[in-house]
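Me: I would like to learn how to read cavities and helix packing in a model. Please start with the general idea each time and then turn to the case at hand.

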Amino acid sequence: AGRVYNGRLRLSRPAVIEYGLATLASAVAVAILWYRTDLKTMGTAAFADPGWDRHLYIELARRAPFDFRLAPYCWRVLAPWLAKALPFGLQASFQTVTVVALVAGGLAVYALIRAVGFSKTHGALALLLLFGMGWGPKFQLSDFWVPDATAFAFTVVALLLAARRQLVAVAVVMAAGVLAKESVLFVAPLVYTLSARRLFDRRWLLKAALAAIPALAVVSGIRIAIPQDNGNAAYIATMPPVISRFPELFGEYSYSERFDSIAREQRLEHREWTDWDRYFTDPFGALLLGLAVAGAVRTPILAAKLAPYLVLVYSQLLFATDTQRLLVLAFPALAWLAVEGADELRERVGLAPAVLVPLAAALFALVLRCPAGYGRSVWLEALLVVVYVPLAVAGGRRCPSLRPASPPAP
């Protein structure tokens, strides 16, 4: 937690080159994913699946502003409105918004790791871990119609600004981001926890509340401006057949109803041991989780500061049926802990963070194996980690050039 940087951003020539290369790396990773992912474009069998979110966001973009009123999709207007404003066809416009958001999200992850005091190597490791999450960028690119990539980019930027204590900027970013998806508001508690000097810090509590007010006002305003018509059979009948044929999917929307039907009736009553995979290993992978746990042990105060954000991310499971695609929003906090975990490995077993970069690249390659799939085989990943790490440690002991250098003082 002591690494948090609170200075001004200086755009020196080395910094411009560094972040230019990070942007290029993100763009290359997105291009590779584009080539190795089955996209849900119009005319494909995957696109035609009825009842899926993509059809709702397409209809939102096609209609006049404020005329689409099926909750909660009708309140997530930013990406569809941007797509509608672009001078391309609707499909190309949605793709453009998603690709730009993915590249920006990758750059923001790299910038976050650098801003909180870690090296370029740590930033590269975090970048590879991001694009190695199949349920993250790969899913978002495949189903480019949904606003997940846009919301993720806003979330990481807001977290970066919260870490830098730039309160006006984080307030603006959260206020804009909640138009993409209300989950961007999960960053709000971090404005307090990352900066408070004690458990109860009245000064920072006030600042955090002021930073959150614009986003809360936008969320409230958009719900007043666009009242839901869920459960209105006459209104649902005005939708395209791919939506109107399934009116049972669009009953009246409320958090209490969602909690009863999803948290109680689905997740609790039908819980299984395999839920562990869906909730943890499948969305994030063994390497990211392992490093994050090591980082939490190394820096328990930082883990406690990030915990409210992680709790809010997982709280989505109480109100939404999707699992992995929602949980990947935890990545920026887990990545911060993971780079701390990489430093813990350096101190404990002499494994330099640079040695983990090829391993993260190999895990990224595993995601590319199946264009139609998003998760990696946890057993295959675990086998790769178990084989690679001991070999890397042994190689570092035999070859002095592979030994980690002493870390700079924070």
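Reply: Begin with the cavity: on a 1 Å grid over the protein atoms alone, a cavity is a set of points where a 1.4 Å probe fits but cannot get out, and its lining residues have an atom within 4 Å of a point. The model is predicted, so local features need pLDDT of at least 70 and side-chain atom pairs count only at pLDDT 80 or more, while totals for chains, interfaces and linings use all residues. Residues are numbered from 1 along each chain as its sequence is written, and side-chain values use heavy atoms, with hydrogens and water left out.

Me: Which residues line the second largest cavity?

Reply: Its lining consists of G132, M133, G134, D277, T281, D282, P283, F284, G285, R376, V378 and E381. Two elements give two or more residues to this lining, α15 (275-284) and α21 (378-398); α15 gives the most, with 5 residues. Helices here are DSSP runs of H or I with at least four residues, numbered from the N terminus.

Me: How is the lining of the second largest cavity divided by class?

Reply: Ala, Val, Leu, Ile, Met, Phe, Trp, Tyr, Cys and Pro count as nonpolar, Asp, Glu, Lys and Arg as charged, and the others, Gly among them, as polar. On that basis the second largest cavity has 4 nonpolar, 4 polar and 4 charged lining residues.

Me: At what angle do α9 and α11 cross?

Reply: Axes are lines fitted to C-alpha atoms, for helices over the stretch in contact, and angles run from 0 to 180 degrees between N-to-C directions. The axes of α9 (residues 167-177) and α11 (residues 202-225) cross at roughly 25 degrees and come within 7 Å. That makes the two helices roughly parallel, a term for angles under 35 degrees.

Me: Which residues make the contact between α9 and α11?

Reply: Contact means heavy atoms within 4.5 Å. From α9 come L167, V170, A171, M174 and A175, and from α11 come W204, K207, A211, A212, P214, A215 and V218. By class, this contact has 11 nonpolar, no polar and 1 charged residues.

Conventions. Angles under 35 degrees count as roughly parallel, over 145 as roughly antiparallel, 65 to 115 as roughly perpendicular and the rest as oblique. On a 1 Å grid over the protein atoms alone, a cavity is a set of points where a 1.4 Å probe fits but cannot get out, and a pocket is an open set with protein on both sides within 12 Å along at least five of seven lines; lining residues have an atom within 4 Å of a point.
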